[in-house]
Amino acid sequence: MSTRGKPSHCFHDFVHVKKEIKINQSNYLAICRGCITVKGWTWAETEAQRIKMSNTVPSIGKHLSECDNFKTIYPDKINYVKENIEERKQKAAELRTANNLKKHLNQGKKFKIFYKYL
């Protein structure tokens with residue numbers, strides 16, 4: 001049995017992804033389950049559309065870290081959200097550093113090749 005699309009991310013339990021509504025070319029509307037429970041489906045969907053919350057980790061993480069409704073419904077998951085956001089920031093910083101290092105190393109190789117032919 002094969003699955004379609006990307007695997008679920010760390011915040012998938014806290015949102016409902018509405019695949020009938022696209023936020024951009026690649027991502028769908030994500031609606032916070034805390035907002036749905038506290039304020040109701042209509043309010044939560046309207047709010048998600050207003051802030052353009054997509055089904056991506058950065059978008060959902062930002063909302064969950066600020067959402068009082070989420071904190072009310074899932075008080076034991078607040079640290080989980082914060083830890084995942086920090087972990088993602090650290091991985092992104094490490095990746096940027098590695099990419100910058102590769103870029104600088106590749107530039108050095110180009111100069112060596114150029115000087116070799118002079």
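Reader: How many bridges join strand 1 to strand 2, and do they run parallel or antiparallel?
Author: Five bridges join strand 1 (residues 15-22) to strand 2, and the two run antiparallel. Two strands pair if DSSP finds at least two bridges between them. Helices (H or I, at least four residues) and strands (E, at least two) are DSSP runs, numbered from the N terminus.

Reader: What are these numbers based on?
Author: This is a predicted model, in which local features need pLDDT of at least 70 and side-chain atom pairs count only at pLDDT 80 or more, while totals for chains, interfaces and linings use all residues. Residues are numbered from 1 along each chain as its sequence is written, and side-chain values use heavy atoms, with hydrogens and water left out.

Reader: What joins strand 1 to strand 2?
Author: A hairpin, through five residues. N27 is placed in that loop between the two strands.

Reader: Is N27 buried or exposed?
Author: N27 counts as buried, because its relative accessibility is 16%. Buried means under 20% relative accessible area, exposed over 50%, and partly exposed in between (1.4 Å probe, protein chains only).

Reader: What does N27 touch?
Author: Leaving out residues up to four places away in sequence, N27 touches K22, S54, N55 and T56. Contact means heavy atoms within 4.5 Å.

Reader: Why is strand 2 called largely enclosed?
Author: Four of the five residues of strand 2 (residues 28-32) are buried, so the rest of the structure largely encloses this strand.

Reader: Now helix 2. Which of its residues are buried?
Author: In helix 2 (residues 41-51), the buried ones are A44, E45, E47 and A48. They cover an arc of only 165° around the axis, so they sit on the same side of helix 2. The arc is that of the directions from the helix axis to the C-beta atoms.

Reader: What covers them, and which residues are exposed on the other side?
Author: The cover includes strand 1, strand 2 and helix 1 (33-39). On the other side of helix 2, T42 and R50 are exposed.

Reader: What does E45 form with K18?
Author: A salt bridge, with the closest N and O atoms 2.8 Å apart. K18 lies in strand 1 and E45 in helix 2, so the pair ties together parts that are 27 residues apart in sequence. Both K18 and E45 are buried. The rule for a salt bridge is a side-chain nitrogen of Lys or Arg within 4 Å of a carboxyl oxygen of Asp or Glu.

Reader: How many salt bridges does that rule give?
Author: Four. Another one of them is E47 with R50, the closest N and O atoms being 2.7 Å apart. E47 and R50 are about one helical turn from each other because they are three residues apart in helix 2.

Reader: New topic. Which residues of the largest nonpolar core touch the most other members?
Author: Of its 19 residues, these are F11, I31, C32, M53, I60, L64 and F70. Strand 1, strand 2, helix 1, helix 2 and helix 3 (57-66) each supply at least two residues of this core. Strand 2 gives the largest share, four residues. A nonpolar core is a set of buried Ala, Val, Leu, Ile, Met, Phe, Trp, Tyr and Cys residues joined through side-chain atoms within 4.5 Å.

Reader: How many aromatic pairs are there?
Author: The count comes to five. F14 and Y80 have ring centres 6.1 Å apart and planes at 70°, so their pair is edge-to-face. F14 lies in the segment before strand 1 and Y80 in helix 5, so this pair ties together parts that are 66 residues apart in sequence. F70 and Y74 have ring centres 5.2 Å apart and planes at 35°, so that pair is tilted. Rings of Phe, Tyr and Trp (its six-membered ring) pair if their centres lie within 6.5 Å; planes under 30 degrees apart count as stacked, over 60 as edge-to-face and the rest as tilted.

Reader: Which residues do ring pairs link into a cluster?
Author: F11, F14, F70, Y74 and Y80. Of these, F14 is buried at a relative accessible area of 5%, and F70 is buried at 0%, whereas Y80 is partly exposed at 32%.
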